[in-house]
Amino acid sequence: MGGRKIIDTIQTVLADGGTTVSLEFFPAKTEEGMGNLLARIEAMVLQLQPTFVTLTWRSAFEDESLWLKIGSIVQKEFSVDVLLHLT
């Protein structure tokens, strides 16, 4: 994290003969749903040790700041890189 690119991490893992895993999540649409989502992400990150997680944004989301907030929490508190992407 912090300056390195996800592709660099993937290439390093593969060069060492490892396997990479990514997890994809659709962010909660409300603050209330965020707690449940973060608990689920934390449990899966601890159990599966993914290389990175993705958060998918859809145009149906009315507040993209919630999407960014979730990504920030996941990256900072769960120490896993986050890829934010659009559908």
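**Figure 1. S79 in the loop between α3 and β3.** S79 sits in the loop that links α3 to β3. This is a predicted model. The phi of S79 is positive, near 55°, and the residue is not a glycine. Most residues other than glycine have a negative phi. S79 counts as exposed because its relative accessibility is 55%, and the cut-off for exposed is over 50%.

**Figure 2. The order of helices and strands.** The protein holds three helices and three strands. Read from the N terminus, the elements follow the pattern α-β-α-β-α-β. The chain has 87 residues, and 34% of the residues are buried. Take the contacts between residues at least 6 apart in sequence: 72% of them join residues at least 24 apart.

**Figure 3. The pairing of helices α2 and α3.** Two packed helices are described by the angle between their axes and the distance between the axes. Here, helix α2 spans residues 31-48 and helix α3 spans residues 64-78. Their axes come within 11 Å and cross at roughly 35°. The crossing of α2 past α3 is right-handed. From α2, the contact draws on E31, M34, L37, L38, I41, E42 and V45. From α3, L66, K69, I70, I73, V74 and F78 meet them. The residues of this contact of α2 with α3 comprise ten nonpolar, three charged and no polar.

**Figure 4. The largest nonpolar core.** In soluble globular proteins, nonpolar side chains tend to be buried together. The largest nonpolar core of this model has 18 residues. V53, I70 and V74 have the most contacts inside this core. At least two residues of the core come from each of β1 (22-25), α2, β2 and α3. The element that gives the most is α3, with six residues.

**Figure 5. The surroundings of V53.** V53 is among the residues with the most contacts inside the largest nonpolar core. Leaving out residues up to four places away in sequence, V53 touches L23, F25, V45, V74, V80, D81, V82 and L83. One of these partners, V45, also belongs to the α2 side of the contact with α3. Another partner, V74, belongs to the α3 side of that contact.

**Figure 6. The buried side of helix α1.** Helix α1 covers residues 6-15, and I6, T9 and I10 are buried in it. These residues lie on the same side of α1 because they cover an arc of only 100° around the axis. After α1 comes G17, with a positive phi near 85°.

**Figure 7. K5, ahead of helix α1.** K5 belongs to the segment before α1. K5 is exposed, with a relative accessible area of 55%. In sequence, K5 and D81 are 76 residues apart. In space, their C-alpha atoms are 8.8 Å apart.

**Figure 8. Q49 and T51 in the loop between α2 and β2.** Both residues of this view lie in the loop between α2 and β2: Q49 and T51. Q49 is exposed, at 56% relative accessibility. T51 is buried, with a relative accessible area of 14%, where the cut-off for buried is under 20%. Q49 has a positive phi of about 50° although it is not a glycine. T51 touches T9, I10, T20, V21, V80 and D81, with residues up to four places away in sequence not counted.

**Figure 9. M44 on helix α2.** M44 is placed in helix α2. At 30% relative accessibility, M44 counts as partly exposed. Setting aside residues up to four places away in sequence, M44 touches L23, F25, Q49 and P50. M44 and L23 are 21 residues apart in sequence. Their C-alpha atoms are 8.6 Å apart in space. L23 and F25 are also among the residues that V53 touches.

How values were computed: Residues are numbered from 1 along each chain as its sequence is written. This is a predicted model: local features need pLDDT of at least 70, side-chain atom pairs count only at pLDDT 80 or more; totals for chains, interfaces and linings use all residues. Side-chain values use heavy atoms; hydrogens and water are left out. Axes are lines fitted to C-alpha atoms, for helices over the stretch in contact, and angles run from 0 to 180 degrees between N-to-C directions. Helices (H or I, at least four residues) and strands (E, at least two) are DSSP runs, numbered from the N terminus. A crossing is left-handed if the near helix is turned anticlockwise from the far one by less than a right angle, and right-handed if clockwise. Contact means heavy atoms within 4.5 Å. Ala, Val, Leu, Ile, Met, Phe, Trp, Tyr, Cys and Pro count as nonpolar, Asp, Glu, Lys and Arg as charged, and the others, Gly among them, as polar. Buried means under 20% relative accessible area, exposed over 50%, partly exposed in between (1.4 Å probe, protein chains only). The arc is that of the directions from the helix axis to the C-beta atoms. A nonpolar core is a set of buried Ala, Val, Leu, Ile, Met, Phe, Trp, Tyr and Cys residues joined through side-chain atoms within 4.5 Å.
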